[in-house]
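Work through the exercises below with the sequence and the 3D structure open. Try each task before you read its solution.

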Amino acid sequence: MIARVAGRASYDGVAVAVPVTVPYQRYSTQGAHWFVGRAMDALVERSGIAKDEIDGLTISSFSLAPDTAVGVTQHLGLAPRWLDHIPTGGASGVMALRRAARAVQAGDANVVACIAADANHVESFRQMLGGFSQFARDASYPYGSGGPNSIFAFITANYMRSFGATRADFGRIAVAQRSNALANPNAMFKVPLSIEQYLDARPIAEPIHLFDCVMPCAGAEAFLVMSDQRARDLGLGHVLVRAAIERHNAYAEDPVLVRGGWAVDRDELYAMAGASPDAIDFVQTYDDYPVVVMLQFEDLGFCAKGEGPEFVRAHTLTHDGDFPNNTSGGQLSAGQAGCAGGFLGMTEAIRQLTDAAGARAVSGAELGLVSGFGMVTYDRCLCTGAVILGRSS
Amino acid sequence: MTMPLMKPRRKNPVLRTRQMNLPPWARGRTALGMTAAAAEGRFELQVCQRCQAVQYPPRDACHRCLSSQLKWTPQAGAGELLSETVLHHSNDPFYRERLPWRLGLVRLDAGPTVIAHLHGDVAAPPPWPGDAAAATPQAPVRVHVGARLDRAGAAVLIGFPIEESEHMADDKMLREMTSDPKFRKILVTDGKTEVGQALVKALVKAGAEIVWVGHAEPWKKLPGLDDITALAQVTLVPLDLTNGRSVAELAGEIGGKVDIVVNNAEVHRAFGIASRHGTDAARAEMDINYFGLLRLAQEFGPALRGRSADGTTHAAAWVNLLSVYALSNYPPHGTFSASKAAAYSLAQCLRAEMRPSGIRVVNVFPGPIDDEWNQNLPPPKVAPAALASAIVKALKEGIEDVYPGDVAQEWLERWRENPKVLERELAAGG
């Protein structure tokens, strides 16, 4: 019998294991299917589960066209009995996990491979922007073609004006993440970043400057979802799903984004996990721009709305600090491999809670929060989600 | 305040002429409704006919009540500037060549938040007032949003200042959206008519640097020509649109310098089919009104296309003087109507062929002009000076289809309501 909180079934008995990262490359001539293949190969090899026993599959990718997830099954010779296609960018990790967890609980699948992979050719990023959504094609891309930079410039400028955040506040987030990235062998950026370098960087879309932006790259992230019993039987290091939420197009009436959908559902998130924000040992926020990290600190309840600037001034955000955030370096320093950027926090959280984070480990971590944010279809991101993962006893 | 545009220096002939890269032009079928309105100088958004919610970006269902009855409706455009940015990087070649580029996020009083190009005269939103002053918010920045066609011919929104200033048309962003005659070199194909002479005067007044004026029969001393040739900017040039060689010779001489072509040459006789036997008058009309345009477009089009990104006074526009009779035949002027319908169809082809270079094709559909060939028609008729100022306004505001005068406006409305009903009414005399 699965326990319920506020009418929702808990995620009891669901394990998340085998975090896989297919190393990122700035540009690769390989297509998305290649990266999906590398990820699946690593999942099979590292789990010891035969390919034929993987009976569930979710794929998150922007560059798989003309295929969807079903094309991947034939490409890789899989015959899953449960399939999902979740191309929701920064929210895809949380969304894939939620769906896979329910499939496993219901017995619709025993082992679900969740894979996010994207190619990056020299022309791909530019081509993706103009056709990203109907609203982007009609109402944002024709205006300067800055892509999300211009949208988040509006959001950042408005936030700064509303709450007194300064560029240096955002710089604290970016600089701490770079420090974390130096202990992540897979991070694209391998040199330290000082606050002076951050502040002196060239403008991209004021007030967004160079180190506020992620670097598009190619790569993949993946993990397996199965019952905790199965994970124990196989001797796989794994984490447990304590709570999860998602919300789309929240606060549509706000004329400019100042809060995300997490704020709608966060009480349920913590109630389901049986934990309060101060029990969380680290957070993996979605960091396409530093202002978004600040919004998550507020909307996930670590501080009140408008207190983000003061919060980042008062805390150290490195893996060994008092509020570890994006311990892999996040997308700002590890790189953004398309949809895999939405999985980066998930694989990192699994590593942190299974003692596989090496030199960037958060000591004594028991509970971690992974947050997702995706899909700038017009003037804001629409998808929000979060999960709380716990160390398995 | 926008600084006045300075007269550009002579071009260095050693440098390569910059070629045009259009801004992103793709739009969905629904979104093209905004372009259709902007082509006539209006800013329209969809309004739900069930719950009155204003929609943006364009939609296929109301975001509030899910109705599919969304009607394009003129908007006042008043709004508040919520946020702004200045782009220093763009993924698109058009913008990359024109950085930095200012954008605003505007909340329209009508409801939606829009992304818009921002005029330089719009003030920045007030800064964070500081902890102590946070309780006393500063006045928001009000803007006026309008729709314009961009260089790709697609509608875009622009945030304008509430207060107009003297040189605001010289704003760098706005010059990209318009075909302002200021400092441009213009060919008017026929200077002997009252309309031609009014056009020349209006273009000179609007700041044209040179106006070449076509003159098919230089030996004739026609009234009014002395007035315009007295203007320092005006040069008479021999041009006979019925003669391919004449058109080619003029294009060889000035084709590489013309920034705007205004083709106002026309032959207008008041005949139907039965009222004049034979085809001579109809041929003469077609030879100027249709084939004249074709000859002119073949000779002047390529050079215009090649110079469409050539500095601040790049080649910009092509104006066709058509007639509202092009929409539906007016039987008392039946053969003239037919020649203008042919010219209109060809002008649509010209527009399609000019679009990749960003040259705006402006089609002008006046009602009866107050000239000798419409002597027998009752008023209201369009005065030549009013027609000329409507054309200059269209160039300045980036309008693509112009219907000057009360008759044209009324015919257009009737034609849109029901073209078959209009046909019957015109057959019955108007």
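This is a predicted model: local features need pLDDT of at least 70, side-chain atom pairs count only at pLDDT 80 or more; totals for chains, interfaces and linings use all residues.

Residues are numbered from 1 along each chain as its sequence is written, chains are lettered from A and ligands numbered from 1 in the order in which they are written, and side-chain values use heavy atoms, with hydrogens and water left out.

**Exercise 1. State the confidence scores of the model and of chain B.**

Step 1. The model has an ipTM of 0.94 and a pTM of 0.95.
Step 2. Now take chain B. Its average pLDDT (the predictor's confidence in each residue, from 0 to 100) is 94. At least 70 is the score of 98% of its residues.

**Exercise 2. Count the disulfides over all chains, then check A:Cys213 and A:Cys381.**

Step 1. Recall the bond. A disulfide is a covalent bond between the sulfur atoms of two cysteines.
Step 2. Apply the cut-off: a pair of cysteine sulfur atoms must lie within 2.5 Å. The count over all chains is zero.
Step 3. A:Cys213 is in no disulfide, and the nearest cysteine sulfur, in A:Cys381, is 14 Å away.
Step 4. For A:Cys381, the closest cysteine sulfur belongs to A:Cys383, and 7.5 Å is too far for a bond.
Step 5. Check burial. Buried means under 20% relative accessible area, exposed over 50%, and partly exposed in between, with a 1.4 Å probe and protein chains only. A:Cys213 is buried because its relative accessibility is 15%. A:Cys381 is buried too, at 6%.

**Exercise 3. Describe the second largest pocket.**

Step 1. Know the method. On a 1 Å grid over the protein atoms alone, a cavity is a set of points where a 1.4 Å probe fits but cannot get out; a pocket is an open set with protein on both sides within 12 Å along at least five of seven lines; lining residues have an atom within 4 Å of a point. Grid points are joined across faces, edges and corners, and a volume is the space filled by probe spheres set on the points.
Step 2. The volume of this pocket is about 790 Å³.
Step 3. Its lining has 31 residues; B:Asp190, B:Lys192, B:Thr193, B:Glu266 and B:Trp373 are the closest to the centre.
Step 4. Find the elements. Helices (H or I, at least four residues) and strands (E, at least two) are DSSP runs, numbered from the N terminus. In chain B, α4 (194–205), β10 (210–215) and α7 (280–289) each give two or more residues to this lining.
Step 5. Sort by class. Ala, Val, Leu, Ile, Met, Phe, Trp, Tyr, Cys and Pro count as nonpolar, Asp, Glu, Lys and Arg as charged, and the others, Gly among them, as polar. The pocket lining has 12 nonpolar, eight polar and 11 charged residues.

**Exercise 4. How many cavities of 30 Å³ or more are there, and what lines the largest cavity?**

Step 1. The count is seven.
Step 2. The largest cavity has a volume of about 80 Å³.
Step 3. It is lined by 14 residues, and A:Thr285, A:Tyr286, A:Gly341, A:Leu344 and A:Gly345 lie nearest its centre.
Step 4. In chain A, α13 (330–334), α14 (344–353) and β12 (367–376) each supply at least two lining residues.
Step 5. By class, three are nonpolar, 10 polar and one charged.

**Exercise 5. Is B:Leu241 buried or exposed, and what does B:Leu241 touch?**

Step 1. B:Leu241 is buried because its relative accessible area is 3%.
Step 2. Contact means heavy atoms within 4.5 Å. Neighbours within four places in sequence aside, the partners of B:Leu241 include B:Val247, B:Asn263, B:Ile288 and B:Leu296.
Step 3. Look at B:Ile288 again. It is 47 residues from B:Leu241 along the chain, yet their C-alpha atoms are separated by 6.0 Å.
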